[in-house]
Amino acid sequence: MGSPKALYVFETGNFLDPVLATFTNAWMKNIAKNIPGIYELLPSERYFRDGNYYLERTYRERILGGGYVTRRESRNFAQTEEFFQTRQAIWYNSPRYSTAKTLHTNLNSTYDKIISGEINTYVIVGYNVKTLSCLLHHPSTGYVETLDQNKLGDGTVPLISSTFNFADTDASVMPRKPYYVNGVSHADLVKKSDSTLQLVKNIINGNENSLPTGVSRAVSIENKWNGYKITAACPVDLTIKDTADRWVGTVTSDSVDATEGHEFDFYICGENNDTKIAFVDNMSNIEIEGFDTGTMDFSIEQYVNGSIAKTIFYHDVPITDKTIINTTTEISDDSSLQVDSNGDGTVDQVIKPDAIIIAQTAPTIIGDKNISLKYREEKQLKDSVVGDGLTWSSSNSKYISVDTNTGRITSQKSFIKTGTAIITAQNSEGKVEFNVKVKPNFVQWLMIIFLFGWIWM
Ligand SMILES: [Ca+2]
C-alpha cells in the first residue's frame, strides 16, 4: 500500500540514509521526479484506511506566558493529494502520479482476494528496523521533515503497509499467513537474511509451521518510538554528546557528522538549512555553538510510545559567534540553558525555558466507578484513575466532599436516608465520573436509632 519514505525521497532526494542526503540530494531530486517506481511507492488511498496517515501539518500556537507550541494535524488522503500538487515546482509530476494511482486502483481487487483468502498468500515482512511512518509539513516555511522513526517496519515499508494493515489480527485464523522476520531491513530481507531463506525453504517443503530463529507469526504493533527530538534554529550548530560527555554527532548548516554505532538521526531542513534536528534514544548532553549574531529558538520534545509527552521551549535566545550553550535532554522545572556568551569557559547566564508543556491524556478509571461509603468513611480515588493534572470535584459536597488535588473523598453528613454524589476527575483532555453512595452501616443505623430514637417516640 506504499511507503512514506517515497515522499521523503521526492522531498530530499535521499534514497539511502538521512545523513547522506546533504551530499546527494540536489541531483537525486532531479532524477527522482521522473522515476515511475517512486510514485508507485507513494502510499495509496488504501493506506489511509483505519485512520492511518503519513503526513501531518504543523502550526504554531502562542501559549500563555510566552513562547509557542507546535501543534500537529494529520492529513487525510484528499488533503495529502492536495499537498502533492503544491510540490509541482519541486517534484510533483501529474502524469506519473496518475499512472501510479491507476496501478493502485487495479491492485485493490488483488488485495481483496488476498485478505479474503481467495489467493493463498504467505506474507514475509521485516520488522523492528527504524521505519519512517510520518512526515511533518511546515506550511509556514514550506519544508517537510521526517518524523516518527518508529520500529514498526523494515526500514522502508511500515508494518501497516506490508501486512495489508492487518498486523493486529489473530495470525492463526487469518487466510493469509504473515511471517515477521526480526531486525531485517527491506533490501536484506531477500539478499542477506538466512532466516528468510530458511523460511522460504520450509514453506516450499510443506513445513510452514517450522519457524527459523528470529521469525515469528505475530508481533505487537504497539512498539512506538521513545526518545527525544531536539530542534535548534539558527544561527547555531548542534553537537550531541552522550551522558558521559562523549561526542556522538554534530549538525551544522552544511554538514551532518555522526559516529558509527550510534543510532541517532540528524537532519538539516528549512530555508537556508537553518533548522537542525536530532533524534536521540536516551538521555544526552547537548552543546550548542553560535556561528553568527542573532537569536535561536530551541526545543526538546520527549516522545513516549510515539506521542509527545513533554516539550520544553526556549524562544529568542541571543547568540553571538562566541556563544557556547550546554543543556541536557532532561525536561523538568529545573531545566535551563547554561550560556557562556563569550566562550571563555565560564557560564555567564542561565536561561530558564519560555514554556514546558506536559501533554495530558484523557483520564480513565481502573476498576469500579460505583463506590459505596459508610458514614464518615474516607477513600482515596487517585489510584483508581490513570491521568495527569487531575482536578477533583463533587456534585454534592454536603454529603461527599473531595480534596480538589488529591481525590480523597469523605462522607460528610449524618443522615438516615442514603445520599449520593458524582465525583469528577478532570484534566484538559477529558473527565471521568464516579457514582458514590453513602449509606450508614448496621451499627451506624443502631446508633442513629439509639441517639435519635426519641424523635419517633
Ligand atoms: Ca563566559
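Colleague: Which is T275, buried or exposed?
Modeller: In this predicted model, T275 has its place in strand β13, which covers residues 275–280. The cut-off for the term is 20 or more other C-beta atoms within 10 Å of a residue's own. Since T275 has 22 other C-beta atoms within 10 Å, T275 is buried.

Colleague: How many Å apart in space are T275 and V251, C-alpha to C-alpha?
Modeller: Along the sequence, T275 and V251 are separated by 24 residues. In space, taken from C-alpha to C-alpha, the distance between T275 and V251 is 9.5 Å.

Colleague: What percentage of the contacts in the protein chain with a separation of 6 or more is accounted for by residues 24 or more positions apart?
Modeller: The protein chain comes to 9 helices and 29 strands, and of its 457 residues 32% count as buried. Among contacts with a separation of 6 or more, the share that falls to residues 24 or more positions apart is 61%.

Colleague: Which element gives the most to the largest nonpolar core?
Modeller: The largest nonpolar core has 31 residues, and those touching the most other members are I230, A232, V236, L238, A278, I288 and M296. With 5 residues, the element that gives the most to this core is β16.

Colleague: Which residue takes a positive phi in the hairpin of β15 and β16?
Modeller: Strand β15 (residues 294–304) and strand β16 (residues 307–319) run antiparallel and are joined by 10 bridges, with V304 having S307 as its bridge partner in β16. The hairpin leaves 2 residues between the strands, and the one with a positive phi, near 50°, is N305.

Colleague: Which residue in β20 stands opposite I312?
Modeller: β16 also pairs with strand β20 (residues 355–358), in the antiparallel sense and over 4 bridges. In that pairing, the β20 residue opposite I312 is I356.

Colleague: Which strands are at the edges of the open sheet of 4 strands, each pairing on one side only?
Modeller: This open sheet has mixed pairing and the order β22-β29-β28-β25. Pairing on one side only is found for residues 370–373 and for residues 391–394, and these edge strands are β22 and β25.

Colleague: Which residue in β27 stands opposite E378?
Modeller: β23 pairs with strand β27 (residues 408–411) in the antiparallel sense over 3 bridges. The residue of β27 opposite E378 is T410.

Colleague: What arc around the axis do the buried residues of α8 cover?
Modeller: In helix α8 (residues 194–204), the buried residues are S195, T196 and L199. They lie on the same side of α8, because the arc they cover around the axis is only 95°.

Colleague: Which exposed residues are carried by the face of α8 turned away from its buried side?
Modeller: The buried residues of α8 pack against β3 (122–127), β6 (177–182), α7 (188–191) and β7 (215–216). The face turned away from that buried side carries, as exposed residues, D194, K201 and I204.

Colleague: Which helix has the lowest mean pLDDT among the elements of the protein chain?
Modeller: Over the protein chain the average pLDDT is 82, and 84% of the residues score at least 70. Among the elements, strand β18 (residues 337–340) has the highest mean, 96, whereas the lowest, 64, belongs to residues 442–452, which form helix α9.

Note on methods:
Residues numbered from 1 in each chain as written. Predicted model: local features only at pLDDT ≥ 70, side-chain atom pairs only at ≥ 80, totals over all residues. Pairing = 2+ DSSP bridges. pLDDT = per-residue confidence, 0-100. Buried ≥ 20, exposed ≤ 12 C-beta atoms within 10 Å, placed from the backbone. Core = buried A, V, L, I, M, F, W, Y, C linked by C-beta atoms within 7 Å. Contact = placed C-beta atoms within 7 Å. Arc of directions from axis to C-beta.
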